[in-house]
Structures are given as C-alpha cells and as structure tokens.
Amino acid sequence: MAYMAMSLHAVNHRLTNIPVKQLPPLASSLAASLSNCGELLSTPQSQKSKSESDNAVQVHKLMTRLTSLLQDRTVEGRWTAVVLVKALVEAGQWEILRGSEPFVRGLMGILAKPDPVATKKMSIITLTRIFHLTYQYPTLVREITTPSLPGFITAALNLISIKPSSEPVRKLKQNAPLVDVVLNAFAELIARHPTTFRPFTGQIHSVLQAIIGSTEPTYPEPILEIAQQLFVSLHNCAPKNTSGEEWKNACRMTISSIHATSSYVLRAVVEQWESVDPSLRQLSLPQNYSQEVGNGPDALGLGSWQGLPAGVNRLVVLLRMLSKFLKTATASSVVVPLGSILDLSARLNMVTYPSDGDIQANPQIGRAEREHLLTELPRIHVASLRLLVDLVKAFDDAILPVAQTILEQALWVFRAEKFSREVRAAVYDLVRVLLIHMGPCMTKQGVSSLTAVLRSCCHDLLPPSNNQTAAAEKPDPKSKSKSSQTTVNADSFLNPGLKPGRQLSSSPSFTDLKRAASELLVATLSHAPTELITPALRAEIDRTIIMTSDKNAMLASVLNPFTNMQGRGVSTSIMPFVARSYPAEMEVEALIRPRMPVLINGPGANGYSATDDDDEEAEEKTEAMLAPEPSTEASGFLKPSSTPSLHQDMMDVEMTPATSSPPLNKRSYAQEVEAQNPAHFVTTEGAQSKKVRVEPLETTKTPAQPSLGAASPATFTGTAAISVPSSSITATAAPQPVAPMTTSQPRAVAAAAQTTGDDDDDDDESDDEMPILNIDPDTDDEEEDE
Amino acid sequence: MLSECFIASTVASGKTPASASLRDVGICVHEFQPTLNLRSTFKKSSTAANCLAVSPSHVFAAQSEKAIVHVYSREKGNQEATVPFPERIRSLAVAGGKNGDVVVLGTEGGRLILWETCTGRQIATTASHLRPVTSLVVDPTSNFILSGSSDASIHVWSLLDLLSFTKPPSGRDRQAPNSPIRTFSNHRAAITSIAVGHSAGRYNIAVSIAEDSTAIAWDYRTGRLLRTFLLSANATCLTLDPVDRAFYVGYADGSIQSVDFYKSQSVQHPLHDPSLHSTPVQPPAEDRWAPPSPDSGAAHTLTLSYDGMTLLSGHQNGKVLSWNVGRKKYASTVADYTHPITNLLMLPPNGLFHPSLDLTRMSHTIVKPRYDHTLSEASQSVGTVPADYTFSTHLLPTASNPSSTTKPNPFTEAFTHAYFPESMLEEGLAELAAFDQGTANANGSSSSSMTHGITDEEVFAKDAQIAQLEGALTTLKKKASINETARQTTTDEVTKLRADLANLQDYIHELHDKQEQAQREKILRQARKAERETRRREAWFAAEKKGKKGDVVLKKLDAEDTVMTSDSDDQSSDE
C-alpha cells in the first residue's frame, strides 16, 4: 500500500510539473505505474485514517488533472490523458468508474476535435471500455452509459460517414481510417445496449451495406469480418421478442442472396443440383447471356456487381457472412435453417473442376468465361468448406445427423480439386472436426473413403525430398530416353548430400496446410477405428509421423496401435521413436512409466483370490487388505489430497492408525455383519496394537521410509538385520524386483522379530508396509518362527 | 462460487412426506457441497430406475407405468412439456455430448426411440430386444448407445447410423436399417444396470450387472468380455469410478460393495490381460460396506461425487446415504425424501473455470417430436437433408473469441489491455510527432493525412494547398515542354549530322573513284606518250632516210601532240 501511495504521488507530481508537450513519451511508464496501483485505486474512500484520506486526496487530484488534460489545448496533452484514463479505469474499477462522467465528456469532445487518428482511436477504445465496465453496475449504467451512449454513437458514425439529409441513411466516407475501430466498438456494445442502438440501426445498416457490398475498392479482411459480425448482431436491436425472427430473416435473406449470386456466377456450366426446397426449384431466372455477367441489388440490399471476379468476390463475402451467423452470439433462441444451409453448400460443392474435361458447359457462354470460372472455383469451395467447418463447430455433437452428408460434400470437392493447396487445407480441417464427432462410429467403407485424403495429408507433411523422385525414376531405367536425361538437374548428380538441406531452407512453408494436415492425422488416429485403416495406409501414416517428429501424432499413434485383424504377425508400435524424440516430455513419461495403477500398489501381491484358491490364503490376503484404512478425513471438497485412498499406499498407513481406531469402535451394524469372520478380529487387534508401534516409528525416523524407492534387495537384508527396529522397510513396487525379494524377506522379518520381540506387531507391520512382498512365503515363515 | 449438486428422483409411494416442502415433489435438486440443502424441486413426477436424465437446460423424466415423458426446464424451474409416446418408456438417457440434444428412450416393446430435442425429429429403431429395455447408457463420445433388457442381452447401437440422413455406405445391408451393430449376450439373466467408462478412446469399457449375480466388465467397441465378477447377491445398481479404477454396486439389503480393478500386480492393465479374461473373480466379501441400519431398504441407485471420493446411494426408504470411499464405510445420511429414491445423478460442479466445458449454445425450450412430417425417414428421398430441417438454439457468446484462432484482433487486444499495447502507443507517438511537424509549417504538405475534421480553417488550408499544388503543376508542365523541345532539337541535330556523315562518306567514295580514274588515265597517257615517242623516232628516222630534215617533221608532230594533249593537267609534269 505504501508503495502504491508513493507511486501515485509520483505520477501526480510528474503530471503537474512536467510541461505538457513532453508528457507523451512518459505516458507508457505513467500508465504502467497507475495500473499497478489497482488495489489502492479500487479501495472505497472511507477517510478513516490520515493516510487513507491522503490517498483519497491524491486520487482526487489525479482525476481532476486528467479531466483538465483531456481538454488541454495541445494534442500531446489530450493524447496522454486518453492513455492514462484507460489505465486508471482498468485499475480502479467501480471506485473510479463512478466518477468517470467527466472523462466520458472529455473523451467525446476529442472525437469532435481535429486530433490525430491515434488519439481518436484510443478515445473510442477507452469510451467503449468504460461503457463495457459499467455494464455490471445498473446504477452506473443509468448515470453514465445510457445518457452518453447516443452521443457516442452519433460522433462515431460521423467519423466514418456523412449523413446527407434527414433520412436515416448514411453515406460512407472514402478513406476513413477509423472504420475498423468504430465497428469493433459497436459490435462490443450492441448486444449490451440494444435499446440505445435501436434508433441508429437504419444508419448503421446502410453503412454496413456499403462496406459489405463494395466491389470496386474492396475492404480489407478484418474490416469486412467485423462489419459482417456487426451486421449479424443488428438483430439484437429488434423490438421485444422479435430478435429471433429478425435473425432468421437475415439468415434466410443471406442464403437466397447467395443462391441468386451463384445463379449468375455459375452460369457458364449446367448445374446438376436440384434443391430440396421446392420454392428454390423454380429459381431459374432468365438471363441475358450476351451481356457481361452481373447482378443488380439483391435480397440483402447490397450493391450491384459486374464481371466474374466481382461476382466471385461477392459470393465469398456472402458465404463468410453466413459463417458469421453461426459464430456470432444471438440475443435469444433462434431457428437455424440447417437444411437450407446444407442445400446451399451442396449446390456450390457439386460444381467442381472437371477431372476429364466432361463438364456440362452452357453452350451460350463463351469459353473464356467458363475457364475463368473454373479457375475461380477453388476459392468458392474454400469459402463453402469453411462455412461447413463453422457449422460443425457451432453444433458440435448435434451435427451427427448431417455429419455423413457434410463428409460426402467435402470428398466431392477433394476428389476434383485436390491440386489446390487452400482446398486441401480446408478439407483437412473439415474432415478433422467431423472425425471428432463421428469417428468412433465409422464403418469400413467410411474409413476407406478417407484414404485419398489421408494419403495426400501424408504427402503434404513430408519434407520435399529429391531422393524420392529419383527413386521413382529408378524402376524403369531403360525407358529413360536421352531427351529426358537432358532435363535432369545436373546438380543432383554432382552433390547429392548437400541438396536436401539447401532445399528445405528455401522451399516455402505452408504453415496453415501443415497444421491442418498434422491435426487431421492426430484426429484420425485417435477417433477413427484404427483396425479399419488398411495396413499400407497405416504404415504410410506412421512413417510420416516419424519423419515429422510430431509429438501429438506420435502419441496418438502409440495410444491407438495398429491391431492386426488376422492375428498374424506382431503388432508394431512406434513407441521407441517417441521415447527417443521426446524423452523429457511429461506425456511420454506418463505413457512409458505410468504412475497411477501400476506403481502404487496395495499390500497384496495379487489382490483377488481366484476362485480356485484355497480359503486360508484368501483369508490372509483379505486381512492384509482390510487392515490399513487410508484417511480421507483431511481431504476436503476437491482438495488435491483426495485421490490416493483407493489404494492403500504407504503414506496413509503411517498416518492413519491413530485416527482409524476410534471409528472401528463405532462400527455398529458393520461389526455385526462381519462378526462371523475370524479374520476381522485379527485385523482390529493389529490396528490397535499398531497404534503403539507407530509413535516410535515416526519419531526415530528410521532410514527406510517409504520414499526410499531405490533400495535393492541386498541393502534390504543388511539394514534390516543391523539396526532397523521394525520391518517397516518399503520399496516402491516396481514389478520386476518382486521375485528376488521374496527370498530375502523372511530373514529380514526374522531379524526384525528378534529385535522387537513382538510377533503380532511384526506380523501386522510386514503386512501393511511391505507391499511388494508376496505374502505367502512371508506368513509361512511367521508360522515357522512361532 | 464452487458448488456441487445432485439430482434425485423418486417413485410415488403411499407414504406422505414429513416436510411440507417435499409434498408432491418427484425430483429434487440438492446441494451437496459445500453445504447440504435443498436447492429446487420439480413436482408431479414418479420415475422408475434408469428413467431420469439431465441435460444442461432440461430434466427429462419418464413416468413409471406411463407412456409419457415429463420435461422440466432447469432455468425456469417449471414443467415445460409433457410428451406422449406410443409405448411405455422403461429407460431414458441423454446423448449428444455436453449439450445433450438427443433423448434416447427405451420402450416396453424392446425398441429405442431417439428424439432430437432441438429439431423435433424422431427416429424409432427395430424392436431388437425381446423384452423391455430397462437400462440405457450413452458412451462419452456420444457415438454409441448401450441398451440392456430383461431378455439378458445388451445391444450396442451406433448413433451415427441411427441419426444420419445419409446412410453411411455400409456392409451391413443384410441387416435391417436402425438395428444394433453388436450384441453382448454373456449375461444369463435380466440386465439390471449398465455403466460405461469415462474414456473417449478405443479401449473404453462397459460394466453391466444382471440378476444372475454377476458383474461383467467388457469392451463395447469389440464386444469382448474382459472380466467376470461373481457377486455375493443380485446387485441392484451400479456406478463407476471417475478414473475407471473400480466400480460400486448396491444390493437389495442396502449394502454397498466396491470392486477394485487394480488389485493385482499384473504388468498389463488388469482388465486387458487376456489370461484373466476367462477366469471369473469373486470380490472379497469384506469389500462390502454395511448400511447403518438394516431398515434402509434396497439401494436403488448410486452416484459418485466429482472427485470420486463420496458415494451417494438412494434407498427404498427414501434416504440418500453418503459413503466414504476411502474409508470404505457409511458416512452420513444426506437427505430424506420419504418416497423410494430411484435415480440419483450428480451434476457437474458449478464455478469451475474450465473453458472447454463452457457451452457454446443453449436450448431454452425443446421442440416436441413431430410425427406427421417429412422428417420421418420413410417419406423423404434418400440421403438428402430436408429443407425444413431447422435447429432451434441460442448461440452463446464464447469467452474465447471465435476469431482468436486466426490472428489477434488489435481492437480486442487494446480493449482488454491494462492500458494500451506498446505497439499502439508507439504508433500514437509517431503520429503525434508527425502532427507536430504538420502544424509547425502550416502549409506543409504532410498534414493532409492527419486531419479529418471538417473545420473552415482546414478547408481554407486545403484550398491554399490545392492552389499551391496547381501552381507547381503548371511550372512542372512548362519545364516538361521545354525539355521536350530541347530533346526535339537534339534529335534533329543528330539526324542532320547523320545525313552529313553519309554525304561525306559518299564524297570520299567519289574521290576514291576519281583517284582510280586518274591513275588509269596516267597509265594510258604514259602508254600513249611512249607510243608517240616511238612514232616520232620512227618519223625522224623515216625523214632522215628520205633525206628530208628530220627536225621539221618532229616540230610538226609536236605541234599536233600539243593540240591533242593540251587539256590534260599532267602534261607539263610528264614533259
């Protein structure tokens, strides 16, 4: 607190004494120290003690200074004020927010001044942040947000557009650098304050239409994206209870707009598609084929376009917009027209690049336009595949009824257009998200239909190697004519060793494609039934995984090993490669040396008696299992200590006897039931006498604590014979050393028995605390001793 | 705040509850941690065992001895709908992952009915069970349904096969559509309960108990038997440890037994050790935990807390008992609902920060099954999704920005930053510096990109600037024209020079020709001279012979020669 008071004082001092012109370079450090004073700024000002009242004075001083700086004559002063106000508001929360009304006025003033773009941008962000932070406090919303929000919306709209007349339509300014920020701010606020935004929806809508529908200067991707999101969010402002309807209408209009646009764009080919929606079947508009392709204003009110490139752009923009409908939060329950969306994507994905030139061409359209369309097809398909990815992500497990349909569409596109890198990446992504949901249920046919995709996936992941092409040429050396030899790169003969390294560094890396491909491999291995993947394909996948050393894929391969259906041969695993590549990774450690069930063991060597075991042995063993009662008293609700008690591990046994004996006495009905069992008495006796034994054990701190895991059988006998008063020697039970220890154990017990001279104790102790030992020889020995 | 609740349902009985708050109540939501208290209740329900299911938004309760499912809204806390079905419902489960959009119903007649609560689509399967379907579970991947029946068999169904519009290309053509993909028939008597493991991988297990006093752990992906446990009596209910280390069964006398998978020290996973598959195992009787009093009645249902350390059991006498798993004994009585408790479901805890479990959408209301519709599979063309297949849901704002997968938006970055990101501050500083310069030389040309307000001064400044620019433009144009002319002249000169050069070359050729000609003429002249000389000599000799004066003849000949050669210039040089 003292530090904060000091740094607050320092900030105040600098703000008041340094000339305003020189403040901007300091703003960053001032803001950092302000944001570190969060605790002080957000404490209620009670003014009880002197120091607190001093702090309150400092805070007040700071706020006054910032308010005046916001109205400073120089741009530097205003800029600094904006930065510090944001820092102050973030740090102070409610305490500052309740007095932020002057800030809001000052910031709004900046929007009207001819300040640099950066200052305005920051003002908009700060204002949005203040409105956002006040949202959780209804009183502040009433006092600050609601009165100033309309002014803010108007000011922000004025920055990016011009309102020509009284009509509620706006004209977008050319070259307005603030479009991005303004739209982001609106998108942030509109869902929270729908009623305040309602009068402005017409104006915002017209601005968005201009941005989305603009064909001549197309807007950059981020602006388009936020414009689409805001367009979708406009349904929030619909009057009460109609927002769902509004959303549905906007979504339907987008779909029909895409249909209309694609009717023009795809006119060079004859479509095979027939809509499932009867209302769309008659949708064959008469077109003037002699004119250049183009379309007037459509259902969404977007502007007209001319020419195929503009048409394809429009189609892609609209498809993205439809994706946004699925990604943007809605105001209430909405009805997603799943059938119509899939109908639309089926239409677009059905027109594919002809594999053997047998596309059904429209004879009325020239060859130039058709070829142009065919080269643009991958771009359209990427957009429609991305739409399907978003659909699957939005619906996750509910996608199951249509998952097969979507997968088929993806495969149509993949078969025809796998030459395009973007199409491949999009198909990989789509197949991956589908596999997560439908993978386990896939049939053999379903998996084999993915073979081509998986092969090309492996191909994309492998580094380009010239050796491969050389190897491919090798099998037919005779056919190699002299003319082909001349085309062979001479460098590959001269210096084959250097080549790959040089090539790798220079070849462009398609990170998106690589990411999609490796994720698809992981999803395939972990979700699809691995026994249905053909051995050849599986070998190729494993080879790719090893070559690329992708940890996730390696783990997925190891966790889902190839199972030999016929039962012939040995199942192989790439486990050694994982162990070599990532020896220090936690996942690999957990995989190779699992801790949970195998290393932590109960006292018995083999817990359950098989039914053919004789009774005596069974009794002895169950006794061993009953005796320790791990404590869970200490483990509260979801405390980290709560797990071990399923398995009687050592730590618990050492701690519990003291606590476990009182409950034993309370066993009312339980004791009645178990009274017939003679073994039970042995147990209780043991537990009670153990109480005596435990105290010296804990105080003397015998060297053989349970954590001494590495003790070898040899040291075992030694320590037990010489000094250890009891047989509380333990070892972490690695499965292997069990056999040798059984031979050494009896002697240890005997020695221990002599030193302590209490047979019963030892019997119990050895049962409790030497988990790895086979009880059978142990108890036999005991009986001999007695 | 972190809290954990369980939900319990009862079947109606003759007794009347002691407390007024429990009157008419069929389903209770009870806070279990941190404090025990009744959160909310749903009325007018009487459910048999395995007939209650909970989704994040709704509670589905199949009514005992009726063909009706009650749907309660968890948000509003009221009964939202009563959905009738053609057959009595004997078991109920929710599929569809964390949203729980598909309700699976097991009917008296041995078929399953699937109802998509967001679309209203409904699918019925073949009546593959010969007796009523008494237990239903859906696996964690929401891909398989396991249905147990009193005919002693358990069917495994593929949800994808049942729900798909497009039937996947399958080699199962010999089977009727909508039939199970696998049947597990190792039990000898009616199936009582099934529990499924918590793994999403291929090696997930299922545990089933039946009235033949056995519990069987098996692999539902292959139908392979993993382990048979011989229980001491007919178990009535079953639940599985969250880590799949053990399972717990309840008996008719109210006792509970824990059966630990990891008792052996086999290096292999004990359930997947093939040498043990055929050996039935008898769990020790000491693992059976006795109830506090013998009058608690049969344990009808079991559930485990989130941490797996507390087991709750619902009993015939209406009590919910809690058991300490670690200490393997009865701990306390949690609640008393008077009526026999048939279903206990532990709800996932609230308040855990777990973004991947956050719902991305929510269905506030259900869509009742539609019968008379194209959605019933018979009437529609194969393989297409009908256009009126609509999905009603509420898309929720997600904490993680959906666009975060692409690239971070500078706006959101600045928005959530403690003040402003460094890059934005630097940009601002640079712009301030530029702005400063722009204002310093008022008619500087760099300020145009900074200002965007529409003030008068600015307009004037702009006008001035435009005028200035225009002036500059004209001067530039002038300069350009001058340059142009200069260039023109130089090219002209060059061409002239070229022509001169050609002329000179021609002249040189001419001179050469002349020189040659002159040479030739000279040779000719010399020849002629020599000839003339000889002629003069001959003439002189002839005159001398005749006796005449030779010199006279010579003079006469000379005179002739001078006339002949007077025009040639080299005559004098020759002489």
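Student: What share of the contacts in chain B with a separation of 6 or more comes from residues 24 or more positions apart?

Tutor: In this predicted model, residues 24 or more positions apart account for 53% of those contacts in chain B.

Student: Which pair of residues can show me such a separation in sequence?

Tutor: Take B:Ser9 and B:Ser45, which are 36 residues apart in sequence, while their C-alpha atoms are 8.0 Å apart in space. B:Ser45 is also among the residues in contact with B:Ser9, as are B:Gly26, B:Thr342 and B:Asn343, and B:Ser9 itself lies in strand 1, residues 4-10 of chain B.

Student: Why is B:Ser9 called buried?

Tutor: The label requires 20 or more other C-beta atoms within 10 Å, and B:Ser9 has 30 C-beta neighbours inside that distance, so B:Ser9 counts as buried. Across chain B, 40% of the 575 residues count as buried.

Student: How do you know that strand 21 and strand 22 of chain B pair?

Tutor: Pairing needs at least two bridges between the strands, and strand 21 (residues 246-251) and strand 22 (residues 256-260) of chain B have 5 bridges, so they pair, and they do so in the antiparallel sense.

Student: What makes strand 20 and strand 23 of chain B edge strands?

Tutor: These strands belong to an open sheet of 4 strands in chain B, with the order 20-21-22-23 and antiparallel pairing. Strand 20 (235-240) and strand 23 (288-289) of chain B each pair on one side only, and they are the edge strands.

Notes:
Residues numbered from 1 in each chain as written. Chains lettered and ligands numbered in written order. Predicted model: local features only at pLDDT ≥ 70, side-chain atom pairs only at ≥ 80, totals over all residues. Helix = DSSP H or I, 4+ residues; strand = E, 2+ residues; numbered from the N terminus. Buried ≥ 20, exposed ≤ 12 C-beta atoms within 10 Å, placed from the backbone. Contact = placed C-beta atoms within 7 Å. Lists of a residue's contacts leave out its neighbours within four places in sequence.
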